[in-house]
Amino acid sequence: MIDIPAFIKQSGVFTEEDLIQLANAEALPSEEEIDGFQYDSEIQELLNAFIGDDTTRLTHQLLKAKEFIAKGEINKAWKIALF
């Protein structure tokens with residue numbers, strides 16, 4: 001079981017079920033996978049929309065992670081949450 005970082009647990013974005021799904025992931029993505037994910041066009045758009053506003057950007061990153069969890073894309077959820 002993966003230990004979820006406090007900033008994710010305390011964000012208020014995720015339900016208990018979301019957190020369980022994250023914790024039950026087989027493994028965290030590598031640094032290379034996380035770094036490479038920023039070049040996905042959908043992710044680039046999200047990141048560029050909040051340049052200079054780190055707090056709002058993080059909130060939207062976590063909301064995007066929640067969307068990925070709802071689709072069963074846990075690895076993608078981890079990538080955007082940890083970016």
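## E42 and its partner K64

E42 is partly exposed, because its relative accessibility is 37%. This value, like the others here, comes from a predicted model. E42 forms a salt bridge with K64, and the closest N and O atoms are 2.3 Å apart. The pair links distant parts of the chain. E42 sits in helix α4 and K64 in helix α5, 22 residues apart.

Buried means under 20% relative accessible area. K64 has 9% relative accessibility, so K64 counts as buried.

E67 counts as partly exposed because its relative accessibility is 40%.

Which residues do the shared partners join into one network? They are E42, K64 and E67.

## The K66–D18 bridge

The whole structure holds 4 salt bridges. One of them joins the side chains of K66 and D18, with N and O 2.4 Å apart. K66 lies in helix α5 and D18 in helix α2, so this pair ties together parts 48 residues apart in sequence.

Is D18 buried or exposed? D18 is buried, because its relative accessible area is 8%. K66 has 25% relative accessibility, so K66 counts as partly exposed.

## The nonpolar core

The largest nonpolar core has 22 residues. Within this core, I4, I8, F14, L22 and W78 touch the most other members. Which of them gives the most? That is α6, with 5 residues.

The C-alpha atoms of L63 and F14 are separated by 8.3 Å. Along the chain, these two residues are 49 apart. L63 is found in helix α5, which spans residues 54-70. With 36% relative accessibility, L63 counts as partly exposed.

## The acidic patch

E31, E32, E33 and D35 form a negative surface patch. E32 lies in helix α3, residues 31-37. Is E32 buried or exposed? Exposed means over 50% relative accessible area. E32 has 60% relative accessibility, so E32 counts as exposed.

## The loop between α2 and α3

A27 is found in the loop between α2 and α3. A27 has a relative accessible area of 49%, so this residue is partly exposed. How far apart in space are A27 and E16, C-alpha to C-alpha? The distance is 19 Å. In sequence, A27 and E16 are 11 residues apart.

## Helix α5 in review

Several of the contacts above involve helix α5. K66 of α5 pairs with D18 of helix α2. K64 of α5 pairs with E42 of helix α4.

Technical notes. Residues numbered from 1 in each chain as written. Predicted model: local features only at pLDDT ≥ 70, side-chain atom pairs only at ≥ 80, totals over all residues. Heavy atoms only, no water. Patch = residues over 30% accessible without salt bridge, like charges linked within 9 Å, V, L, I, M, F, W, Y side chains within 5 Å. Areas by Shrake-Rupley, 256 points an atom, 1.4 Å probe, with all protein chains shown as cover. Lys, Arg positive; Asp, Glu negative; His and termini not counted. Charge placed at Lys NZ, Arg CZ, Asp CG, Glu CD. Helix = DSSP H or I, 4+ residues; strand = E, 2+ residues; numbered from the N terminus. Buried < 20%, exposed > 50% of the residue type's maximum accessible area, 1.4 Å probe, protein only. Core = buried A, V, L, I, M, F, W, Y, C linked by side-chain atoms within 4.5 Å.
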